Amino acid sequence: MARKYINFLQNLPGIPELTLDKLMGDYYDAVFFKNEKELAQTLSVLKRVVPKIVSGLPEK
């Protein structure tokens, strides 16, 4: 089920209004599939863009 949700988020159109949703798809993909490099990169971007949201996300 998680893979289906992640695919949905990652395949959203590339419009500015959906950028955060696409980044969250990348975040969950990295968390569920234990991709440490992608997780670090995605968290770095999210921390700059939406620090209050990221503070509540697990890093592993």
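Start by selecting V54, which sits in helix α4 (helices here are DSSP runs of H or I, at least four residues, numbered from the N terminus). You're looking at a predicted model, where local features need pLDDT of at least 70, side-chain atom pairs count only at pLDDT 80 or more, and totals for chains, interfaces and linings use all residues. Residues are numbered from 1 along each chain as its sequence is written, and side-chain values use heavy atoms, leaving out hydrogens and water.

Is V54 buried or exposed? V54 has a relative accessible area of 7%, so it is buried (buried means under 20% relative accessible area, exposed over 50%, partly exposed in between, with a 1.4 Å probe and protein chains only). Now show its contacts, meaning heavy atoms within 4.5 Å. Skipping neighbours within four places in sequence, V54 touches L43, L46 and K47. Then pick D21 as well: 33 residues separate D21 from V54 along the chain, and their C-alpha atoms are 13 Å apart.

Next, colour the model by pLDDT, the predictor's confidence in each residue, from 0 to 100. The chain averages 87, and 98% of the residues score at least 70. Confidence is lowest in α4 (residues 51–54), with a mean of 79, and highest in α3, at 92.

Hop over to T42, in helix α3. T42 is buried too, because its relative accessible area is 7%. Leaving out residues up to four places away in sequence, T42 touches L23, D26 and Y27.

Now select α2, residues 19–32. Which residues of α2 are buried? They are L23, M24, G25, Y27, D29, A30 and V31. Their cover includes α1 and α3 (36–49). Just past the end of α2, click K34: its phi is positive, about 50°.

On the α1 side, pick A2, R3, I6, L9 and Q10; the α2 residues they meet include M24, Y28 and F32. By class, this contact has six nonpolar, two polar and five charged residues (Ala, Val, Leu, Ile, Met, Phe, Trp, Tyr, Cys and Pro count as nonpolar, Asp, Glu, Lys and Arg as charged, and the others, Gly among them, as polar).

Definitions and conventions. Axes are lines fitted to C-alpha atoms, for helices over the stretch in contact, and angles run from 0 to 180 degrees between N-to-C directions. Helices (H or I, at least four residues) and strands (E, at least two) are DSSP runs, numbered from the N terminus.
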